Amino acid sequence: MKLKYFLNLGIAALLFFSCAAKVPVETTNPANFKEIVNDPATTLVDVRIPEQFNEKTAKGAINIPLAKIEDNIDFFKKQKKVVLFCNRGVQAEQALEILKKNGVENVYFGKTLNNVEAIQKEK
């Protein structure tokens, strides 16, 4: 009985400390996110590699691969609004985290290319 208690306590502690180690960047977008995506003043940024970008991207998007995000902090700070996206949302979330850590506040998580394209088609 005591062994089971200590095992459960150990598992609970392990889960608590492993989950608490990284504080995720807030990726929730505002209620008017569709308006932001469709706003001509918004810069849509595809963070995938150039080969993927050249195959297909969202209307009006530019390509700044995830590996080049930190090299372009000043560019991002000069934009009115930025929406980041990629294939599955993983790289876009990483780019968002890099930008937020570098003081860029005008950036939004567009998740995937398919998501951004669907929003553009809705209008």
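Visitor: How many residues of strand 1 (residues 42-46) are buried?
Guide: A word first: this is a predicted model, where local features need pLDDT of at least 70 and side-chain atom pairs count only at pLDDT 80 or more, while totals for chains, interfaces and linings use all residues. Residues are numbered from 1 along each chain as its sequence is written, and side-chain values use heavy atoms, leaving out hydrogens and water. Buried means under 20% relative accessible area, exposed over 50% and partly exposed in between, with a 1.4 Å probe and protein chains only; strands (E, at least two residues) and helices (H or I, at least four) are DSSP runs numbered from the N terminus. Strand 1 is largely enclosed by the rest of the structure because the buried residues number five of the five.

Visitor: Which residues of strand 1 point the other way from Thr42, Leu44 and Asp46?
Guide: Thr42, Leu44 and Asp46 point one way from the strand, and the residues on both sides are buried. Pointing the other way are Thr43 and Val45.

Visitor: What is the order of the strands in the sheet?
Guide: The protein chain has six helices and four strands, and its elements run α-α-β-α-β-α-β-α-β-α from the N terminus. Two strands count as paired if DSSP finds at least two bridges between them. Here the four strands make an open sheet with parallel pairing, in the order 2-1-3-4.

Visitor: How many bridges join strand 1 to strand 3 (residues 81-86)?
Guide: On the strand 2 side (residues 62-63), two bridges are found; there Val45 has Ile62 as its bridge partner and Asp46 stands opposite Asn63. On the strand 3 side, Thr43 is bridged to Val82. Strand 1 and strand 3 run parallel, and the bridges between them number five.

Visitor: What is the relative accessible area of Thr43?
Guide: Thr43 lies in strand 1. Leaving out residues up to four places away in sequence, Thr43 touches Ile62, Phe75, Gln79, Lys81, Val82 and Val83. Thr43 counts as buried because its relative accessible area is 12%.

Visitor: Which side chain makes a polar contact with the side chain of Lys81?
Guide: Lys81 is in strand 3 and counts as buried, at 15% relative accessibility. A polar contact is a pair of N or O atoms within 3.5 Å; within protein, one must be able to donate a hydrogen and the other to accept it, and residues adjacent in sequence count only if both atoms are side-chain atoms. Beyond four places in sequence, the residues touching Lys81 include Ile36, Ala41 and Tyr108. The polar contact, at 2.5 Å, is with Asp39.

Visitor: What is the phi of Lys111 near?
Guide: Most residues other than glycine have a negative phi. Lys111 lies in strand 4 and is partly exposed, at 43% relative accessibility. Its phi is a positive value, near 65 degrees.

Visitor: How far apart in space are Ile69 and Leu96, C-alpha to C-alpha?
Guide: Ile69 is in the loop between strand 2 and helix 4 (73-78), and is buried at 0% relative accessible area. Its contacts beyond four places in sequence include Val47, Phe76 and Leu99. Ile69 and Leu96 are 27 residues apart in sequence, and their C-alpha distance is 9.2 Å.

How values were computed: Contact = heavy atoms within 4.5 Å.
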